[in-house]
Amino acid sequence: EESTDGGGENGNAKKRRVSSNTDLTAVVASSTQSDSKAGESDWRKLMNLLLQLRKICNHVFLMNGAEDLREYNDVVEGSGKLKMLDRMLPRMKSDGNRVLIFSQFTSMLDILEEYCESRDHMYVRLDGETNRVQRRLDVRRYNAPNSPIFIFLISTRAGGLGLNLATSDTVILYDSDWNPQVDLQAM
């Protein structure tokens, strides 16, 4: 609960912190103490919380224990972002566009692969597991004249330099990185 107290010599109001089970302000404040082991632990907890929030914004299937949901839900129903993508891609495909989709999470690329297969979109994938030969082959196949490949799924950090996908005309950053330079490099 938030309240204000009149106080101070100049009459400024002081605000009390919002009470909750996890006071993020205290976590951040304690994380700045370099000699405190508890501060490091709290910082890790905060970063884990932020990672979990990023994952749930991308798709519900990325959360632990979501395996049971796969039986009952279509892959598109688990994410507002994927619903929007599902509305955009058929139009782009009919207009003859070529699409690059970047994601930070390879587990999200797995879900996007499942989506592409369910919607019969031809795609190729590039992530950290892709070897150099397969990478070159996929790039050539994608850039080939009249290529049937509509989507190139790419892990943002694995895309790297020297990747020429000039035949694409649409870039979708499914989720962006904390560091804007990573996204700029991907684009």
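A search of the whole structure finds one aromatic pair, where rings of Phe, Tyr and Trp (its six-membered ring) pair if their centres lie within 6.5 Å, planes under 30 degrees apart counting as stacked, over 60 as edge-to-face and the rest as tilted. The model is predicted, so that local features need pLDDT of at least 70 and side-chain atom pairs count only at pLDDT 80 or more, while totals for chains, interfaces and linings use all residues. Residues are numbered from 1 along each chain as its sequence is written, and side-chain values use heavy atoms, with hydrogens and water left out.

**Aromatic rings**

- Tyr142 and Phe152 form the pair, edge-to-face, with 5.3 Å centre to centre and 85° between the planes.
- The pair links distant parts of the chain, with Tyr142 in helix α6 (residues 132-143) and Phe152 in strand β5 (residues 151-155), ten residues apart; helices (H or I, at least four residues) and strands (E, at least two) are DSSP runs, numbered from the N terminus.
- Both Tyr142 and Phe152 are buried, where buried means under 20% relative accessible area, exposed over 50% and partly exposed in between (1.4 Å probe, protein chains only).
- The charged end of Arg98 sits over the ring of Tyr142, 4.0 Å from its centre; this requires NZ of Lys or CZ of Arg within 6 Å of the ring centre and within 35 degrees of the ring normal.
- Lys81 lies over the face of Tyr174, 5.4 Å from the ring centre.

**Salt bridges**

- The structure holds six salt bridges, each a side-chain nitrogen of Lys or Arg within 4 Å of a carboxyl oxygen of Asp or Glu.
- Arg125 and Glu113 meet in a salt bridge of 2.7 Å, N to O, and this pair links strand β4 (residues 123-126) to helix α5, twelve residues apart.
- Arg125 counts as buried because its relative accessible area is 15%.
- In helix α6, Arg141 and Asp138 lie three residues apart, about one turn of the helix, and their closest N and O atoms are 3.1 Å apart.
- Asp138 is buried at 4% relative accessible area, whereas Arg141 is partly exposed at 36%.
- Salt bridges that share partners join Asp110, Glu113, Arg125 and Asp127 into one network.

**Asp175**

- Asp175 is in the loop between β6 (170-173) and α8 (180-186) and is buried, at 5% relative accessibility.
- The side chains of Asp175 and Ser103 are joined by a polar contact of 2.8 Å; such a contact is a pair of N or O atoms within 3.5 Å, and within protein one must be able to donate a hydrogen and the other to accept it, residues adjacent in sequence counting only if both atoms are side-chain atoms.
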